[in-house]
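Notebook open, model loaded. I want to look up some strand pairing first, then the disulfides.

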Amino acid sequence: MRFRHRAAAGLATLLLPFAGLVGLAAPAQAATEATATYAKTQDWGSGFEGKWTVKNTGTTTISSWTVEWDFPSGTSVTSAWDADVTSSGNHWTAKNKSWNGSLAPGASVSFGFNGSGSGAPTGCKLNGGSCDGGPTVPGDNPPSAPGTPSASEITNTSVKLSWSAATDDKGIKNYDVLRGGSKVATVTGTTYTDTGLTAGTDYSYTVQARDTADQTGPVSGARAVRTTGGSTDPGPTSKINLGYFTEWGVYGRNYHVKNLVTSGSASKITHINYAFGNVKNGQCTVDDTYAAYDKAYTADQSVSGTADTWDQPLRGNFNQLRQLKAKYPHIKVLYSFGGWTYSGGFGQAAQNAAAFAKSCKAVVEDPRWADVFDGIDIDWEYPNACGLTCDTSGPAAFKNLMSALRTEFGPNYLVTAAITADGSSGGKIDAADYGGAAQYLDWYNVMTYDYFGAWATTGPTAPHSPLTSYSGIPTAGFNSADAIAKLKAKGVPSAKLLLGIGFYGRGWTGVTQSAPGGTATGAAPGTYEAGIEDYKVLKNSCPVTGTIAGTAYAHCGTQWWSYDTPSTIAGKMTWAKNQGLGGAFFWEFSGDTSNGELVNAISNGLK
């Protein structure tokens, strides 16, 4: 996707955050009816962000609190907020501020700090007692989280779940099995078969351990399961209709997951690519952690109609996508990494493909959102060729990376890639082994747009997404038909190819000629970037005046734009079906109208 630029969010981009909430307890002390729990909320390699939460679990108000812990040598607090933090050697003490020491029964307060090093706190004390807050079992740690359950023996009405055991200093008593957050069984072993399910239905399972004192620990990561049977139709169409949802769209564009519902698009699509995760130091990482999993939504902004709370484990886009999948179970979500801006890291990733794949799976299966994602999409622009930067990994690097991803993710995850649509002789399709890599992938998103644009400031004007060649096309092979034909010739099955649609136009200014091929003086003005504008704007600001090569163009005043419309999309979908393609995808949701005109056109065209 050529024009993926992040909106300025004023937020620091951090590396992959590590999981979560861990209760720590001290040796037996005078018990206090309060708890202190620790979470490592961010980790950026050279440092991290930590958060302690103190909760009054008793029946009387606490007037002040002090949390103490030990860090191993080499780990320390560098700055703190909402508490006064001091140290004596490796022992750290945090005392409440004057304004946050009083805690009514049931109330909580958090304080945070930045740290250096990689150690975890031990020996936690709260007001001199145990941090687990158990007045009847002082010093008895709650159990750890069990392993994320695996699913096997899936039928129309049942599934067998298995998980690795939790640990506890006094011993594990049993496990609660949760389906969709509600307990469905309590078992003493580490397996359970859930029955009485509905065919062709999506479920999400977690497990929680209980120790011999009946203390429960944190829940495991979630496992998404779809029972067999039911309708064979994956959603509104038997073909794939996939849209990109941009992480940064929640800022200036003010486009949120709920917009997929209000526009009617959620009922028409089959898949979402969440864009983008970053690639740093040869590893997959979450990019904007605030937008991804921390931004709070009010009740009217959220898919479920329920407001986020300050202390819930997951907020942001990921939680909204979870709610969307609950409402529309047919939708599958893939985490897309790379893009135009973030493809520079793939070269290093390809040097150790197995390690890269392992890091990606760790992000996708993070226990906080393991049920949200059904697969991974790699958007490398471009292997062994030039995009924002030039890659010299060699023609085999892309295939090797895809092989490693399939090995790591296994057969139950979707593994896909967005790839070049350069059908010219000796062009980008010829630079990498896309034919050989296809065996490892479920499909390719062929980016059949951005062929021409105002980076050629003086023109000639040309449609950015031509379906076919035409007389006077500026570059031979720069069209969808030639790209698809070349990929088929390299051995990629038709059903593994999706046709790309742009929900935007590209345009020039200083143009006097209505037909394509005119000269220009530069890029036409755009809302977010010169030379680019959303379809929802262009349909009214510069209506279509003609069509060429299966797409539309418009000349208004001195501006010349090309973009797809419901009519040209219908023609492209007919062509895609005649070619036996697996469906279509588009960049990206926010360019569509508020009632989803273009998504609807793709859906209708693929039926």
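Which residue in strand 14 does Asp176 stand opposite? I looked, and Asp176 faces Thr186 there. Worth noting that this is a predicted model.

I found five bridges joining strand 13 to strand 14 (residues 182-187), and the two run antiparallel. Strand 13 (residues 172-179) also pairs with strand 16 (residues 202-211), again antiparallel, over seven bridges.

I read the strand order as 6-7-4-9-10, an open sheet with antiparallel pairing. Its edges are strand 6 (84-88) and strand 10 (129-130), each pairing on one side only. Strand 9 (residues 122-126) is held to strand 10 by two bridges, and Leu126 has Gly129 as its bridge partner.

**Disulfides.** I count three.

Cys284 and Cys360 are joined with an S to S distance of 2.0 Å. The torsion about that S-S bond is about 60°, so I logged the link as right-handed. Cys284 sits in strand 20 (residues 283-285) and Cys360 in helix 6 (residues 353-364), so the pair ties together parts 76 residues apart in sequence. Both ends are tucked away: Cys284 is buried at 1% relative accessible area, and Cys360 is buried at 0%.

Cys386 and Cys390 have their sulfurs 1.9 Å apart, and this link is right-handed too, with 110° about the S-S bond. Here Cys386 is partly exposed at 40%, while Cys390 is exposed at 53%.

Cys542 to Cys556 is 2.0 Å, S to S, and left-handed at -115°. Cys542 is buried, at 1%.

Definitions and conventions: Residues numbered from 1 in each chain as written. Predicted model: local features only at pLDDT ≥ 70, side-chain atom pairs only at ≥ 80, totals over all residues. Heavy atoms only, no water. Pairing = 2+ DSSP bridges. Helix = DSSP H or I, 4+ residues; strand = E, 2+ residues; numbered from the N terminus. Disulfide = S-S within 2.5 Å. Buried < 20%, exposed > 50% of the residue type's maximum accessible area, 1.4 Å probe, protein only.
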